[in-house]
Amino acid sequence: MTLQIDVTAPEISDCPNNIETGTSGGSRRYVFWTEPSAIDVSGTPRMTRSHRPGAQFPIGRTRVRYEFTDTSGNSATCNFTVEVRDTSPPVIHGCPSNIETNVELGETGTYVYWVEPSASDNYEVVSTQRSHSPLQNRFEVGVTTVTYTFIDTFGNTASCEFSITVATDDSVPPEITRCPSNIIQTIELGPPGATVTWEEPSATDLSGLPEMTRSHQPGTEFPIGLTSVMYMFTDSSNNAVSCSFSITITAVDTTPPTLHCPDILREIELGTSSIPVYWIPPIATDLSGNVSLVERSHSPGQEFGPGQTNVSYTFEDRSGNRALCIFSVTIDEVDTTPPTLHCPDILKEIELGTSSIPVYWIPPITTDLSGNVSLVERSHSPGQEFGPGQTNVSYTFEDRSGNRASCIFSVTIDEVDTTPPTLHCPDILREMELGISSIHVYWIPPIATDVSGDVSLVERSHSRGQRFGPGQTNVSYTFEDRSGNRASCIFSVTIEEVDTTPPGILNCPSQIHEPTDKCSFHKVITWERVIAVDFSGTVNLLYSSHTSGQEFPIGETAVSLAFVDNSTNVAFCNFSIIIEDVDTCPPTILNCPADISVTTEVSSVKTTLTWTEPTATDASTNVTLLLKTHSPGDSFYVGSTAVLYFFADSSNNSAVCNFSVSVEKGEVDTRPPTILNCPADMSVTTAVSSVKTILTWTEPTATDVTLLMKTHSPGDTFYVGSTTVLYFFVDSSDKFVFCSFSVSVAKGDNTPPTIEYCPESIITDIELGTDNTTVSWSTPNATDVSGNVSLVSQNYFPGHEFSVGSYNVTYNFTDDSGNGASCDFTVTIREVDTRPPTILNCPADISVTTEISSVKITLTWTEPTATDASNNVTLVSKTHSAGDTFYVGSTTVLYFFADSSNNTAVCNFSVSVEKHEVDTRPPTILNCPADMSVTTEMSSVKTTITWTEPTAADDSNEVSLLTKTHSPGDTFYVGSTTVLYFFVDSSNNFVFCSFLVSVEKGDNIPPAIEYCPESIMADLELGTNSTTVFWIAPNATDVSGNASLVSQNYFPGHEFTVGSYNVTYNFTDDSGNGASCGFTVTIREVDTRPPTILNCPADISATTEMSSVKTTLTWTEPTAMDASNNVTLLSKTHSPGDTFYVGSTPVLYCFVDPSDNFAFCNFSVLVEKREVDTRPPTILNCPADISVTTEMSSVKTTLTWTEPTLCRVYCSIVSD
């Protein structure tokens, strides 16, 4: 069989040369060519290509590749390039229009600003060339051409040209000489005016003789007053300058001033000789506008006595005309002063416990200017009974004018104490353990009471808790009340020695732990003799459950020894003895195999053997296989091999199982070969256009054999259908074995479709602010070797509307065999901005007129703003700002705006300023005071007032204060007064400032509070909710004679809980003046009640055994509760479980709370001796239940134990 292999690549013909073409618009171009072809010895090869004729190619160079492949996988390629050149020039945006600007006459040039143009290209703009730059190149007078040239990558150019024209302009006004000064002329009062003449001014200008205009000519008749005269000179460029002066015609005045003088009425206090009287000086007016005071008989503020006085004022105008004003000042006597009183306080003493005493005093003495005073009211009379504390007594008097006066004084009754405190001091008896030198003794401190309720400990000989030795000690306490009365208490503290301490054991053994003897269930245990000592010096062994040297069984045994002293105090020594059972027997091996003998195959020196493995048991039920030399399934070589198993129990007792394995070699081979890794059946599918396929696999092998034959080899070709593959192996003894598997080849299609005309990625621009744009493309196509291919899905369609962003477009194709192919490309929508900003509120043209004396003016306006779809607009420049100064003439104002894409917009408007001919604007008053209202004291009819004086400003900068009626610091009387300031400028424009001063008589003195209590502190018993507190309510008086209590937050007799409270009384008079009285009420929680004892035991009666003089008793101990929730057991004489001897014993419990309040529980314990023995014997060391295990071969065992014994306590009572 001969195998032919094809290694020759297909032969290509008509491979195109490189292609060059151009595009005059857009960034892509369709390109066509004649496709190459290929032939091959095996038939027509399969063609794949990177592009198809008619595909779109971007600007630039693109590589096109064709590949032809025959059925043997040999391939040949055809490569060429397609270069698309850009032949369209760049597109220019924003090429400026021609620009015209002016410079001042005499200047040669200027700098000019413009927004530079930009350019875009369907490929890329490389560079920009310009002949001039904004604000960088100077432009001379005349016309200059500015050129911008844009060049793209392929050398295509586009140009932008515009002209800049610079012209001269004359804006300098003419210069005036000999402008006349202001002229003043006086005429007699009556004629309407007068004729005035002057020398006229002249002017010169660079452009020649300027044109003159004027408001008046010399020799014109002017009216009385001020008239402005203006000359205006204008050159050929309409630049103007003015000259102005004033003509004032003044008339003389022969009419006297006009006056107004009101009469004045005032009151004076009875007994006062005179008072100062103030008035508003008479106001004089005159045609001349200027009046002076030349004489007056009295001045405001001068002293006047009771009765009527005439006052005269004489005024004169500037022409010497005089006027006289006479008015009267009348002073009436009145009585408003209340009587004068004197009221002394009274202090008396009362014996503590007495309810009240009579008190006498001298009634208050009163005097008055009127000489007549009457008692109209009093709260108490001399000789009236008063109890302890302070009592307010009030007297009220009235004079004949109805003026009242009150007198309040206090009667204070102090309690005195001369009785000493009362005491109670009980004696104390305590017991102390034998051998102790001293003990702490606590007692309830003596309680002292006194009628004053306040007792203090001033001296004591000993303190609670101090140590006391055996015997009797006297303790003394001394108390003193707040009046210095003392009382003493002496009591005794007696300490008696008792022995309640059991003996002390010195060497009680700890637990004893020993193993058993070998093959034994007992062990002899010994220990040191146990020694006990006692304070009394005598200790006896009462009983012992075991003795040293005794034999103890396996397990734990409790040993107990009891010792007793002369006071029958017993001490115990208890310990345990543990005898541990130790295992010394080895495990027992079960089913240990017998020796094994086998024969191998002729070709082998070893064999594999298996057997049932041995096990072991042990009394401990815990046996471990420590080691084995072999396991079932191991290989054994020809010869003899020893096999060992080692077992051990938990006590490390061991046992061994051993047997031998003998292997002999056989003479004949009877076993066929064994095949390794025989392949499984195979199933494959060919391409739809093929009827065969090449397969490979791992070939099978066999041990110690020869491959006799095989039907196929890896890499063979298999045709459609099923083929059996066989391998035959044979060993030296002609034992055969074979390996077979099937190969199934099915015809199928696994070649994916081929996609044609898959578009390149697309980039499209969308105008900023536009939501979306439509994008179209050529729909891709697909072909397949099966002849049938379908478009199964696409996520976008040509003509879809896209918003800004990047989108992946996918077309999915599949053939009838489910082989798929995809076409993917990207659609990118870029947002661009080519629209200029929109200007908002661009001002209209502005026209204004300046004052006559000015050639300039300051102007303001709302500055324009701009919006743009990019939301990013910048004011690039502006020629002027709101608040700038503008001169007479016309000025263009420009605002330049640009967005982030350099699109520009301009706002322009003109400002025209004309000069005013006449000053008609009056001065402006600065800081004219507002109306003022003040209040004097009730005893005064006048007050002094001050303010910041007003000023005035004027465009002429010439303004004067013509007159004022008052000045800061003047005195103003009760009533309303108008204050006037008159200002005038140089053109006789008037303005005045007026404000009102109102003076009212009033009261601003707050009431005076009497008897405002000091802070109060009261005690509240612990557990009580509240307590009542009383105090004397405060009072208030006022100069107005009327003071009222308007509020108070607590009243005497209020119930207060624990805490601190601010008590406030608020008073006010008729004028709203307020005064407050505040003090603190503090409630402290105190504890004076002793604790309450709960479950205090009743007396106890008990009977002892016949052989005993004592017994142990127990009871439920008493407890105590208290409102403080904190009670301490201070001491107790006995505790439950104590031993009580025959007789009666008092038991005492003492409880105390945190405030040292004490409570006692006491009961008696009566112990009587029983006459008959009713107590059974006590069994010692009765053995516990015993469990043992015999050996496996035995049904019985020998046991031993310690026999129980009886313990009986024999007591003898010895009496003297």
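This report walks through a predicted model of a protein, from its overall build down to single residues.

**The whole chain**

Let us begin with the big picture. How many helices and strands are there in the protein? The model has 0 helices and 110 strands. The radius of gyration of the protein is 68 Å, well over the 33 Å that the globule rule gives for 1216 residues, so the protein is more spread out than a compact globule.

What share of the 1216 residues counts as buried? The figure is 34%. Contacts also tell us something about the fold: among those between residues at least 6 apart in sequence, 61% join residues at least 24 apart.

**Strands that pair**

The table lists several pairs, with the bridges between them and their direction.

| Strand | Partner strand | Bridges | Direction |
|---|---|---|---|
| E46 (residues 512–515) | E52 (residues 570–580) | 4 bridges | parallel |
| E51 (residues 555–565) | E52 | 10 bridges | antiparallel |
| E102 (residues 1100–1104) | E108 (residues 1158–1169) | 5 bridges | parallel |
| E107 (residues 1143–1152) | E108 | 10 bridges | antiparallel |

Take strand E52. Its parallel neighbour is E46, and there Ile512 has Ile577 of E52 as its bridge partner.

Next, find strand E108. It runs parallel to E102, and Ile1100 stands opposite Val1165 in E108. Strand E107 pairs with E108 in the antiparallel sense, with Cys1150 and Phe1160 as bridge partners. Here, too, there is a hairpin: E107 and E108 have 5 residues between them, and Asp1156 in the turn has a positive phi of about 65°.

**An open sheet of four strands**

In what order do the 4 strands of the open sheet lie? They follow the order E78-E84-E83-E81, and their pairing is mixed. Strand E78 (846–850) and strand E81 (873–878) stand at the edges with a single partner strand each, so one side of each is left without a neighbour in the sheet. On average, neighbouring strands of this sheet are turned by 25° against each other, direction ignored.

The partner of E81 is E83 (residues 889–899), and the two pair in the antiparallel sense over 5 bridges. Within this pairing, Leu875 stands opposite Phe897 in E83.

**Aromatic rings**

A pair of aromatic rings is described by the distance of the centres and the angle of the planes. The model holds 40 aromatic pairs. One of them is Tyr313 with Phe327, a stacked pair at 6.2 Å centre to centre with 25° between the planes. Tyr313 lies in strand E29 (residues 307–317) and Phe327 in strand E30 (residues 322–334), so the pair ties together parts that are 14 residues apart in sequence. Are these rings buried or exposed? Tyr313 counts as buried at 1% relative accessibility, and Phe327 is buried with a relative accessible area of 3%.

Trp443 and Phe491 make another pair: their ring centres are 5.8 Å apart and their planes stand at 75°, so the pair is edge-to-face. Trp443 sits in the loop between strand E40 (439–440) and strand E41 (455–460), while Phe491 belongs to strand E44 (residues 486–498), so this pair ties together parts 48 residues apart in sequence. Trp443 is buried, with a relative accessible area of 3%, and Phe491 counts as buried at 3% relative accessibility. Ring pairs link Trp443 and Phe491 into a cluster with Phe468, Tyr477 and Phe479.

A ring can also have a charge over it: Arg52 lies over the face of Tyr757, at 5.0 Å from the ring centre.

**A stop at Ser940**

Finally, look for Ser940, in the loop between strand E86 (932–936) and strand E87 (942–944). Ser940 is partly exposed, with a relative accessible area of 22%. Leaving aside residues up to four places away in sequence, Ser940 touches Val974 and Lys1001. Ser940 and Val974 are 34 residues apart in sequence, and their C-alpha atoms are 8.8 Å apart in space.

Technical notes: Residues are numbered from 1 along each chain as its sequence is written. This is a predicted model: local features need pLDDT of at least 70, side-chain atom pairs count only at pLDDT 80 or more; totals for chains, interfaces and linings use all residues. Side-chain values use heavy atoms; hydrogens and water are left out. Rings of Phe, Tyr and Trp (its six-membered ring) pair if their centres lie within 6.5 Å; planes under 30 degrees apart count as stacked, over 60 as edge-to-face and the rest as tilted. Buried means under 20% relative accessible area, exposed over 50%, partly exposed in between (1.4 Å probe, protein chains only). A charge sits over a ring if NZ of Lys or CZ of Arg is within 6 Å of the ring centre and within 35 degrees of the ring normal. Two strands pair if DSSP finds at least two bridges between them. Axes are lines fitted to C-alpha atoms, for helices over the stretch in contact, and angles run from 0 to 180 degrees between N-to-C directions. Contact means heavy atoms within 4.5 Å. The radius of gyration is taken over C-alpha atoms; the globule rule is 2.2 Å times the number of residues to the power 0.38.
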